[in-house]
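Have a look at the structure first.

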Amino acid sequence: MRQSQLFTIPRKESPKDEESKNAQLLIRAGYIHKEMAGVYAFLPLGLRVLEKVIGIIREEMNAIGGQEVSMTALQNPETWKATGRFDDAVVDNWFKTRLKNDTELGLAFTHEEPMTAMMRPFVRSYRDLPRYVYQFQTKFRNETRAKSGIMRGREFVMKDLYSFSRSQEELDSFYEEAAAAYARVFARVGIGQSTYKTFASGGVFSKYSHEYQTVCDAGEDIVYVDEEKGIAVNKEVYTDEVIADLGLDRSKLVEKKSIEVGNIFKLGTKFSEPLNLTFKDEAGVAVPVVMGSYGIGPGRLMGTIVELLADEKGLVWPESVAPFRVHLLSLGADEKAEEIYRALTEAGIETLYDDRDARAGEKFAESDLLGIPHRVVVGRKSLETGMAEVKGRTDEETRSIPIQDIVNFF
Ligand code: ATP
Ligand code: MG
């Protein structure tokens with residue numbers, strides 16, 4: 001893409017009304033637009049990152065048998081009344097709205113109930129199970145705190161997968177597959193090193209659930225990390241008994257701030273019973289489906305990547321989620337740069353081409369701010385030497401590469 005065509009323009013100054021690093025940098029670099037507190041639009045560069053994060057999650061969910069759907073954001077109150085969760089006293093962060101006839105509707109804050117009800121006509125006998133259904137869908141939550149940028153939106157996209165199994169054993173085995181898929185997602189987006197599978201509260205139906213917590217000072221959670229074992233315990237369930245139980249050693253646990261980037265949860269029959277999602281077992285007896293739920297916030301993940309990897313110069317994207325792989329800068333050598341741009345693009349190498357008429361210092365500073373993994377500079381000198389300057393976003397040194405080798409280099 002030609003940068004002269006991009007409608008967003010990087011800013012020199014951080015927005016004054018943002019506390020979090022992710023919102024400050026993403027707004028400055030033109031990746032997102034703040035509509036109001038906790039509500040952000042994704043602009044061309046930001047959307048490319050978000051879509052890449054979503055693409056990685058989608059691949060991993062498909063790999064464990066997930067089937068993608070798209071549920072609705074307007075929710076039927078009757079479905080929610082069956083489990084008692086339509087009540088504001090039970091769920092305190094609903095956004096609700098009304099039909100013209102005054103019927104109250106919910107705006108999706110999660111989808112356990114509608115998803116369970118939706119499955120009813122499709123689950124008849126044990127032969128129809130297990131099934132795994134997921135979506136990327138907008139959730140609305142009346143969050144009290146909205147100071148963490150895109151990590152805690154009042155409107156945000158969630159990947160939520162729901163598993164429908166015949167027995168606890170079948171759920172347990174899928175749960176482990178989902179856990180492995182989650183580990184792959186976090187590794188692929190570049191935060192695997194700092195992300196721990198964390199014991200968290202399991203609610204009524206199981207002793208624990210698991211959160212995926214990324215250790216980071218910008219986090220709102222506190223976890224105790226055992227680095228040797230590579231696991232952690234959320235402060236919420238941290239007692240001497242939760243620790244002995246898990247075979248962890250108190251002295252080895254280190255307190256850290258962290259960001260919950262995902263979670264996996266054994267629901268059992270908590271939703272299938274009240275919503276009457278049953279199947280006929282081999283004896284022909286109707287029994288409730290055993291469920292699990294598995295969430296990841298792609299926007300929160302994107303914000304976490306910024307918090308973890310950005311440096312004093314700006315954003316730093318891992319190749320897997322970067323909006324472009326190469327940032328090509330022309331410093332008064334437009335014809336040569338044009339040639340390189342065409343060659344890179346034809347080779348399928350995603351390139352942002354800074355073809356604007358701007359000073360070198362400005363182009364370099366903006367390139368650092370945008371955080372694209374590789375920078376290629378073609379200047380007047382290149383025309384004499386036939387060499388371009390190539391530098392990784394976090395490298396100190398640049399390398400000279402013959403212009404005709406650039407495509408191969410990438
Ligand atoms: P938290 O404890 O941070 O409020 P949660 O436990 O309510 O989150 P879930 O309802 O389980 O989160 O949502 C699944 C995933 O969706 C979370 O692990 C997180 O990645 C993401 N998520 C939750 N709330 C938000 C939000 N307000 N903005 C962006 N992503 C979110
Ligand atoms: Mg949580």
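## Two helices side by side

Keep in mind that this is a predicted model. Start with helix 2 (residues 44-63) and helix 5 (residues 168-188): their axes sit 10 Å apart, and the two pack at an angle of about 155°. Angles over 145 degrees count as roughly antiparallel, so that's what helix 2 is relative to helix 5. Their crossing is right-handed.

Who does the touching? On the helix 2 side you'll find Ile56, Ile57, Glu59, Glu60 and Met61, and they meet Ala181, Tyr182, Arg184, Val185 and Arg188 of helix 5. Sorted by class, this contact has 6 nonpolar and 4 charged residues, with no polar ones.

## Aromatic rings around Trp80

The structure holds 16 aromatic pairs. One of them is Trp80 with Trp94, an edge-to-face pair with 4.9 Å from centre to centre and 80° between the planes. Trp80 belongs to helix 3 (residues 77-81), while Trp94 is in the loop between helix 3 and strand 5 (95-98), 14 residues apart. Both Trp80 and Trp94 are buried.

## A tyrosine pair from helix to strand

What about Tyr175 and Tyr294? Their ring centres are 6.3 Å apart with the planes at 55°, so this pair counts as tilted. Tyr175 is part of helix 5 and Tyr294 part of strand 16 (residues 290-296), so the pair ties together parts 119 residues apart in sequence. Tyr175 and Tyr294 are both buried.

Conventions
Residues are numbered from 1 along each chain as its sequence is written. Chains are lettered from A and ligands numbered from 1 in the order in which they are written. This is a predicted model: local features need pLDDT of at least 70, side-chain atom pairs count only at pLDDT 80 or more; totals for chains, interfaces and linings use all residues. Side-chain values use heavy atoms; hydrogens and water are left out. Axes are lines fitted to C-alpha atoms, for helices over the stretch in contact, and angles run from 0 to 180 degrees between N-to-C directions. Helices (H or I, at least four residues) and strands (E, at least two) are DSSP runs, numbered from the N terminus. Angles under 35 degrees count as roughly parallel, over 145 as roughly antiparallel, 65 to 115 as roughly perpendicular and the rest as oblique. A crossing is left-handed if the near helix is turned anticlockwise from the far one by less than a right angle, and right-handed if clockwise. Contact means heavy atoms within 4.5 Å. Ala, Val, Leu, Ile, Met, Phe, Trp, Tyr, Cys and Pro count as nonpolar, Asp, Glu, Lys and Arg as charged, and the others, Gly among them, as polar. Rings of Phe, Tyr and Trp (its six-membered ring) pair if their centres lie within 6.5 Å; planes under 30 degrees apart count as stacked, over 60 as edge-to-face and the rest as tilted. Buried means under 20% relative accessible area, exposed over 50%, partly exposed in between (1.4 Å probe, protein chains only).
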